[in-house]
Every structure is written in C-alpha cells, then in structure tokens.
Amino acid sequence: MTRTGLVARVLIDSPLPQLDHLFDYSIPAELAADAVAGVRVKVPFRSSGRVADGYLIEVIDAAAPDTGGSDADFHGKLSPIEAVVSSVPVLTPEVWKLARRIADRSAGNASDVIRLACPPRQVRVEKAWLAAQAPAAEANPGPANPEPAGPSDVPSRPADARFSEYGAGVLEEAIAESRRLAVAAVPSLVALPAGPSIGHWAQTLAELAVATLETGRTAILVLPDYRDQDQVQAALDLLAPAGSVSRVDARQPNPDRYRAFLACLGAAPRIILGNRSAVYAPAADLGLIALWDDGDPLHSEPLSPYAHSRDAALVRQEQSGCALVLLGHSRSVEAQRLVELGWLAEVHPAKGRHPHVIPTEFQAADDQYARAARIPSAAWHTARQALKQGPVLVQVASPGYAPMLACQGCQKAARCTRCQGPLGLASAGATPSCRLCGALAADWTCVHCAGRTFRIATIGAGRTAEELGRAFPGVRIIIADGDHPIQHLGAEPALVIATRGAEPIPAGGYRAVLLLDGQRMLARESLRVGEDALRWWSNAAALAAPGAAVMLAEVGGALARAMSTWQPEGFAASELADRRQLRFPPAVRAASVTGAAADVDAALAELAEIPGVDVLGPVGTEPPLVRAIVRFAYSSGDDVAGALKAQVVRNAARRRRPKGAAFRAAPTLKVRFDDPELL
C-alpha cells in the first residue's frame, strides 16, 4: 500500500475514558484527497482485526519542516486509516474545540459531546446534499456568504419597529457589539396575522435572529422543548427570509435532522433553531447564541458529560466572541451570579408592564365544591366572572387522577407489594396500580397496620377537573398535560386544567389564571424549588390577557412578593446570597463522585492538594456504592476536573482482561459535575 507523509490524528468514537485522546495513523495515498479534518473515518484498533469508528481531527505532514514535525516524531510504524466513511467534514474545528473544552471542564469524553453535535449519518440524505453542492459551487464560485437580508424580507415587522419594547437600539447594539445580556421578557402574547397567538418572548427571539442574519452572521436559538420551538418557528415563518432557518431537534426523524444539520455546514449564514443540542451546531460566522428560559431543567443534558446548554453557550461565546442573550420571564440563580459578576448586562422592557398577580395565601373558599377543588374564595369568584368572557387557566401540580394514595387507617403512603413504588388511581373507579411497574393492587394490604382501604393523598389534573366540573356546572373543561398535549386554544369560554409547562396558548390570552397547589410545588426536596416554582408561575402568568387577574394560592413571603411586584431578579439575588453563605451552587461549583468506597476514597485523595476544595461525605447510596460531594471554587475547576478524570481513567483501565483470565468487574467510579439536583 502506497503511503504519503501525512499523519491523521483521530478521535475514537468510544465512551471509554481511557480512549479519550487522539491516536495517530498514516494516510494512504488513495485516501489523501478525502482525508481532511472533520470527516468520519474507520481505523484499525488494537488487535484481532478490530475496526473502530472515529473522527479525523487533524492532518499533519510529519516530514514538513515548517510544522516542526519529522519522521522521528512518530516512533514505530503507524497503522494506516482503514477508510474515509464520508468526504463531508461533519466536525468543524470550532465544534471540536468546543467539545474538547466542555468535556475537559466536566471530566468527560469529547466523543460523548460530539455524539450530541453530529447526528447519525444518513447515506441517502448525504448523497442528495453532495449532489446539490456541485451545481451550486459551479454557479457561484465566489465567496459563499450571500448578501444580508434587507428590511424588505421582513413582511410583518419593519426593522425600525423591532425591539421597541426595550428602547431604541439596545438589542441592536448587543448584536453589533457582540455583548452578553440577561434580558427580561415582555410577559404578554402576540397575535400572528394568520395564525395562533405566541409568547412575546418568541417574537423577540425571532427578531434577534433575523437582525443577526442581516449582518451576514449565523444565529443559534436554544429552547427547552418542542412547544417553545413551535412558537419561535411560527414567528420566523413570518420574519425570516425563505430557506434561512434550520431546525435541529431530537424529535425529528433521522433523515430530517441530518438534512438540517448538513444545511448548517454551508458557508451561508443561517438561523439555527433547536433544543439543547443546537448549541453545538456548526455555524458559519457565529453572531448570536440566545437561550430561552435557561432555568428549565430540560436544558440540562441527561447524558455524560451532563453539560447544561447555558454552560456550553458560555464556553462557545467566549471562544467565538459572538453575542449572547439569556431571555426569560424569571431569572435563574446562575444567570444572577453572572450579572453580579458583570459578565452579563441586564436589559428590561422600557415600560414596566406585567401581569396583575394577587396572592391569596391561605384564604378558604365559601363554596363546598370550590373547597374540594382547593380554590380560595377570591380566586373562585374571579374565575366565575372571567368565564363569561373567555378561557380561564387553572395550573395544578400533578398530572393524572390521584397520583398518590395512602392507607386509610395509618395515613402512611400506599406502596406496591412487588416493587415498593407509589400506588395511584388512573381514573375514578379504577383499580389502584403502581406508578412504576404498573402492577394492580387489587388485594393490597398495608404493611404498617394491615389496613385494606385507601385514601387519596394527592390530587392530579383529572380529579381537579372532576371537582371543578361540579364547582362550575355547564362550563367546558379541558385537561392539558403530558398525556393530553394541547398547544393552542380559541377565545371561547373554557376551564383549562393544566400541569406546569403544559399550558395551552389561547387566542388573546386567558381572562383569569389560577395558580393552585403552591404548597405542594414547594414541598419538593430541592435546592432549586423556589426558583423553579417562580419560573412555572411566571410563565403561566405571562399567558394572561391584558388586565386579567392572576391568583396565586397558598403562597406567601418572598415568592409571593416577587410574583406580585414582578421582580424575579430580587428573589434570585436573595437566593444567591443565601447560597454564598452556605457554599452551595452556583456560588461554588460542585461535583458528585460515586462508586465503591475504595474507588471514591482514591479519587478524593487526588484532590487533597488543590486549594479551596471541601468534601461532603462519602455516604451510602445503593449498596455497595457510596457518594461524596466535592465543592470547589470556579478557579479550581480545571484542576479538579483533571484530577478526577485521571482517576476515572485509572479505574476504567482495570477492566482490561489479563491473559487467560475473564473480564474483571466493570468499573463503578462515576463523576458528574454541576448536577442540578445534587443538593
């Protein structure tokens, strides 16, 4: 086989931490034309004819004197790469640099990040894309960047009317000067000319993206879920030039997702819209990264290395120098920290309009059916009057009918006799069943008192709808939750029972909003419960029609004040001050170290010499594992991540099979940085 003097540096696509570095291979002459940085390759790995998938990260001319390389730099004989899977460089240098940095700061593998950035290859889609590139290149051999879109491309919203709610030039300057902003969203709805209403925030994001596109640069819009994406997509359909939007979403069929990804590889600026993985999308001349509602837990990646899209956006902004916007009705404590550090500048609407929020605290209802439905008297009267004009929203804590049952005798939670999961009711008259394994509890007996009868411990959306049907006879009842997804409603009167985050958007807004189950929402054991509840309530209140009452039940104190005055920044600042005193995130960074006791002790020993590190635990988790929490300053993050990654690699290397022996037990050591539910 004829070889060139070129050396390919390849990242193996593997979850094994000991393989998270570049391997050197020679490039055969017949593959030299296609073996460029960013392409997918197959390479021989170890022995027995094994072939591994990977990405070609860098091509080095080992004999070229200007690179400082020589044949002596590569000891021994290099194996040649087996094949170039595709000539398309799917991994751009910018995304590789981002993936490497995200993995390093989280003690993870770069290949795990790249797996989020580069969707699986679809051969037919790729061939069609390549076939379309050749005529386009022949027709336009010059620079690939097209002329920026002008105001004529924005039919429904003239350029001089954009961002008028924020004062002249504030957001335009942010794009032009690549500033970093924490922007308070306008809490209202916008009626589209020929379609449903959308949140004002969605129009703001669309206008930011179009304004970026007009400067000849790419905008990335990162949103928590498909409901939010659909709202921004509706705005972009009106505002953005045709063919300029690529939607990259895990919900898409693989061919559609790969087709949108390939479009992002082009040199022309685009608007890239998607969920948390969109922050890793390839972008020509990136000009803006904008996140909606960065406190939403859907922004937190559930797969290793568990990077939050906000953290990935911060790293990418620092690397690229683009503008960064965090937009929301409320403010996360992490964003508040960045504001107080001066890393983000605050932007508020020029006019301080906000929903009319009325805390009812623990006021009792004067109607027996309203009492059963947990509606305070003021809220009940408000809803009854509002139903004469249009829809009314009732936000509740839990989906289902009765998600949790208890023993009638001892009041203890009723548990499944098979798996110890919680028992619940799917509907009125149904047989109780386990919410985890689904087993029916027809012959259930309480393990505490031998009782055989149940009582309802918590009420879900279905039971609430049933009780509200009695409190408001003759009114149309609509349930909106994960099992009954509804995105839009008309303006007709209806009582909408929705779980948090599943609220439909009505034409013109709700004539009243009732926020129930405040105490149940705050009863969750989490450091973030207060800020999460404020975000749920703020997003629901923003769906109210102008002047409509928003009734907040069973909540008082700082949260009620933050809602009634519409000052979530004050609550976030107070939360951050408390966490600084307690050394809780985000005042410091934290990581969990889980594994066998000896492995965890060895990992913690690696941190002994790093200043500012303290350890909570270890404590037992699922036997025989233990878990310790490591807290450290942001300035020590790289040192902590490097030390823990080294221990993870050493722990994983023990799995190698000695000659003539079976495989050893799989390694147990697991590290997770910035776990949102750690404390």
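Thr204 touches Phe163, Tyr166, Leu171 and Leu327, residues up to four places away in sequence not being counted; contact here means heavy atoms within 4.5 Å. The model is a predicted one, in which local features need pLDDT of at least 70 and side-chain atom pairs count only at pLDDT 80 or more, while totals for chains, interfaces and linings use all residues. Residues are numbered from 1 along each chain as its sequence is written, and side-chain values use heavy atoms, with hydrogens and water left out. Thr204 is placed in helix α5, helices being DSSP runs of H or I with at least four residues and strands DSSP runs of E with at least two, numbered from the N terminus. With a relative accessible area of 2%, Thr204 is buried; buried means under 20% relative accessible area, exposed over 50% and partly exposed in between, for a 1.4 Å probe and protein chains only.

Helix α5 (residues 200-214) also packs against helix α6 (residues 226-239), their axes coming within 8 Å and crossing at roughly 50°. Axes are lines fitted to C-alpha atoms, for helices over the stretch in contact, and angles run from 0 to 180 degrees between N-to-C directions. The two helices α5 and α6 are therefore oblique to each other, given that angles under 35 degrees count as roughly parallel, over 145 as roughly antiparallel, 65 to 115 as roughly perpendicular and the rest as oblique. The crossing of α5 and α6 is right-handed; a crossing has this hand if the near helix is turned clockwise from the far one by less than a right angle, and is left-handed if the turn is anticlockwise. On the α5 side the contact involves Trp201, Ala202, Gln203, Leu205, Ala206, Glu207, Ala209 and Val210, and on the α6 side Asp228, Gln231, Val232, Ala235, Leu236 and Leu239.

For the chain as a whole, 18 helices and 30 strands are assigned. Of its 679 residues, 53% are buried. Among contacts between residues at least 6 apart in sequence, 71% join residues at least 24 apart.

Val95, Trp96, Ala99, Arg100, Ile102 and Ala103 of α1 make the contact with Ala110, Val113, Ile114 and Ala117 of α2.

The structure holds 30 salt bridges, a salt bridge being a side-chain nitrogen of Lys or Arg within 4 Å of a carboxyl oxygen of Asp or Glu. One of them joins the side chains of Lys42 and Asp53, at 2.6 Å from N to O. Lys42 lies in strand β3 (residues 40-44) and Asp53 in strand β4 (residues 51-61), so the pair ties together parts that are 11 residues apart in sequence. Both ends are partly exposed, Lys42 at 33% relative accessibility and Asp53 at 39%.

Another salt bridge is formed by Arg101 and Asp638, whose closest N and O atoms are 3.0 Å apart. This pair links distant parts of the chain, with Arg101 in helix α1 (residues 93-105) and Asp638 in helix α18 (residues 637-653), 537 residues apart. Arg101 is partly exposed at 30% relative accessibility, as is Asp638 at 45%.

The side chains of Glu531 and Arg579 meet in a salt bridge of 3.2 Å, N to O. In their contact, Gly530, Glu531 and Leu534 of α14 meet Pro568, Phe571 and Arg579 of α16.

Arg672, in strand β30 (residues 670-673), is buried yet has no salt bridge, the nearest side chain of opposite charge being that of Asp675, 4.1 Å away. For charge, Lys and Arg count as positive and Asp and Glu as negative, His and the chain ends not being counted. Arg672 touches Ser300, Glu301, Tyr306, Ala590, Ala591 and Ser592, again leaving out residues up to four places away in sequence.
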